[in-house]
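Here is a short briefing to read alongside the coordinates. It starts with the aromatic rings and then moves on to the ligand.

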Amino acid sequence: MAEMKPVDAFDLVIFGGTGDLAMRKLLPALYRRFADGQIPADSRIVGVARPHGDDESYRASVREALAQFVKGADTSTIERFLSLVSYFGLDATQELGWNEFAAELKSRPSRIRVFYLSTSPSLFVAICERLRAHELNRDGARVVIEKPIGNDLASATTINNDVATAFDEHHVFRIDHYLGKETVQNLLALRFGNVLFEPLWNAQRIDHVQITVAETVGLEKRGAYYDNAGALRDMVQNHLLQLLCMVAMEAPASLDADAVRDEKLKVLRSLKPIDANNVGITTVRGQYRSGASNAGAVPSYIEDLGKPGSTTETFVAIKAEVDNWRWAGVPFYLRTGKRLPARVSEIVIQFRSIPHSIFATSAGPIAPNRLVLRLQPDEGVKLWLMIKSPGPGGLRLQEVPLDMSFAEAFGVSQPDAYERLLLDVVRGNLTLFMRRDEVDAAWRWIDPILAAWKSGSEMPKPYTAGTWGPSASVALIERDGRTWHDSDSTDP
Ligand code: NAP
């Protein structure tokens with residue numbers, strides 16, 4: 001069993017405490033850590049939203065959310081958890097109520113104080129200004145911000161400047177929940193806790209890398225946001241690039257936050273630029289048409305959105321390259337999209353073929369080794385190896401996985417990424433959070449792609465909902481004599 005170390009008692013304020021993220025992710029994550037005994041009972045969790053309720057009505061909403069989003073939540077633990085939860089009605093853009101709010105927090109002066117900005121980024125400046133004016137940003141107080149951190153480099157700079165008015169960089173926790181996933185940390189453990197992989201982790205031994213983040217869902221209720229963002233901003237700028245960094249970075253000197261983030265930054269800065277000159281051969285954008293999902297027939301993106309003429313991409317595939325000695329000539333194929341056939345996130349490290357075969361052709365083909373790191377749904381790692389097919393009948397070869405499904409291997413269900421990350425914030429551990437210069441570097445790579453798409457005449461290519469994107473995405477990788485890894489997962 002994993003060892004559970006409790007954190008020190010804390011005050012966590014969720015601005016946007018009545019919103020979707022708070023109810024669906026943050027409060028359930030806090031509940032689970034509380035249920036496991038990691039959150040001391042004298043901690044306080046304060047939901048803030050514009051005034052329209054009281055502690056009791058807020059707790060009732062949280063109770064309902066926990067019943068809906070935490071499988072097997074137990075009534076008496078929910079009630080104990082709710083005794084930590086309170087509500088404060090504040091309009092972030094108005095001064096009214098801030099004195100009382102500040103006094104309430106300052107009633108416990110030596111507390112670890114965390115402010116989670118789970119609101120539209122347009123409110124960050126107002127919230128941060130008031131936190132500073134009321135001196136709530138002092139004594140090591142931390143602020144957590146969520147994606148989207150901007151729509152491009154310029155808007156990201158504005159958001160980061162707004163937050164920097166009240167918090168220095170060492171107290172800013174930029175969440176990318178992909179980094180909180182067990183498998184991503186296992187990538188660190190595999191690479192740097194074993195001697196086996198690192199000597200092979202380079203262009204001499206690795207043929208290419210694939211990173212897929214596939215969703216089966218369409219727009220859900222996020223149409224207004226998504227249509228302004230698209231798959232490149234919504235998924236690639238943050239999640240996929242962060243995963244690419246974890247695969248491609250050099251060994252940091254330690255797990256110290258800045259040591260790790262320095263190495264990730266170097267990767268981002270080494271990405272070969274994609275602009276009008278090469279965007280046509282290195283990227284594919286798509287938009288889903290009507291089709292079918294596991295749940296039956298589904299409408300097109302345009303019908304989902306209710307806005308004819310939108311050219312927002314719901315799928316993107318990119319051939320990226322990290323221009324340095326370790327990775328020279330090794331493509332990183334990235335793809336992500338909505339309304340794909342399976343909900344799956346995985347990283348595939350495809351090793352090179354053996355240089356020479358000693359086996360007769362009757363032994364069968366020899367597949368190159370593959371390391372597959374599955375982030376969701378069932379987190380785990382598979383290393384595909386060639387072995388002798390068991391039994392008599394001559395020496396025939398067979399490809400088999402060394403399979404480590406974490407849930408099966410350890411008999412524990414993996415914590416949601418938010419559980420780990422929220423407690424890391426309380427502990428003040430920044431290792432799994434993005435530094436400002438990483439966000440900037442990611443936008444510096446993304447912005448020219450967006451500009452090239454905008455200036456070109458080509459529209460996103462249509463693909464049928466329930467398929468793996470436009471055929472051009474297959475062509476992108478097959479032109480290089482490679483194929484997308486077949487995901488064996490389907491939505492539960
Ligand atoms: P949401 O459901 O629209 O919630 C917004 C919250 O902000 C509500 O609690 C709202 O409460 C509060 N709010 C709005 N105006 C306010 C004001 N003037 N003063 C104080 N509170 C105010 O949004 P969300 O989906 O939870 O997302 C929150 C942030 O996280 C967004 O930036 C979003 O892009 C990001 N995010 C969300 C998800 C997700 O899964 N939902 C995932 C990744 C990132 P009242 O209206 O009652 O005041």
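**Aromatic rings and a ligand site**

W98 has a relative accessibility of 0%, so it counts as buried. Please keep in mind that this is a predicted model.

**Ring pairs**

- The model holds 17 aromatic pairs, counting rings whose centres lie within 6.5 Å.
- One of them joins W98 and F101, with 5.4 Å from centre to centre and 85 degrees between the planes, an edge-to-face arrangement.
- Both residues belong to helix α4 (residues 98-106), where W98 and F101 are three residues apart and therefore separated by about one helical turn.
- F101 is buried as well, because its relative accessible area of 1% falls under the 20% limit.
- Another edge-to-face pair is Y288 with Y301, whose ring centres are 5.8 Å apart and whose planes meet at 85 degrees.
- Y288 comes from strand β8 (residues 283-289) and Y301 from helix α11 (residues 301-305), so this pair ties together parts that lie 13 residues apart in sequence.
- Y288 has a relative accessible area of 0% and is buried; Y301 is also buried, at 0%.
- W98 and F101 also take part in a cluster linked by ring pairs, together with F15, F88, F115 and F167.

**Lysines over rings**

- The charged end of K181 is placed over the ring of Y178, at 5.6 Å from the ring centre.
- K338 lies over the face of Y226, and here the distance to the ring centre is 4.9 Å.

**Around the ligand**

- The ligand is surrounded by 20 residues, and the closest are T18, D20, R24, R50 and H52.
- Helix α1 (residues 20-35) provides the largest share of the shell, with three residues.
- Which parts of G19, L21 and R50 lie by oxygen atoms of the ligand? For G19 it is a polar backbone atom, 3.0 Å from a ligand oxygen.
- L21 likewise uses the backbone, with an N or O atom at 2.8 Å from an oxygen atom of the ligand.
- R50 instead brings a polar side-chain atom to 2.8 Å from a ligand oxygen.
- Taken alone, the ligand exposes 890 Å², and the protein buries 75% of that area.

Notes: Residues are numbered from 1 along each chain as its sequence is written. This is a predicted model: local features need pLDDT of at least 70, side-chain atom pairs count only at pLDDT 80 or more; totals for chains, interfaces and linings use all residues. Side-chain values use heavy atoms; hydrogens and water are left out. Rings of Phe, Tyr and Trp (its six-membered ring) pair if their centres lie within 6.5 Å; planes under 30 degrees apart count as stacked, over 60 as edge-to-face and the rest as tilted. Helices (H or I, at least four residues) and strands (E, at least two) are DSSP runs, numbered from the N terminus. Buried means under 20% relative accessible area, exposed over 50%, partly exposed in between (1.4 Å probe, protein chains only). A charge sits over a ring if NZ of Lys or CZ of Arg is within 6 Å of the ring centre and within 35 degrees of the ring normal. A residue is near a molecule or strand if one of its heavy atoms lies within 4 Å of it. A polar contact is a pair of N or O atoms within 3.5 Å; within protein, one must be able to donate a hydrogen and the other to accept it, and residues adjacent in sequence count only if both atoms are side-chain atoms. Accessible areas come from the Shrake-Rupley method with a 1.4 Å probe; for residues, only the protein chains shown count as cover.
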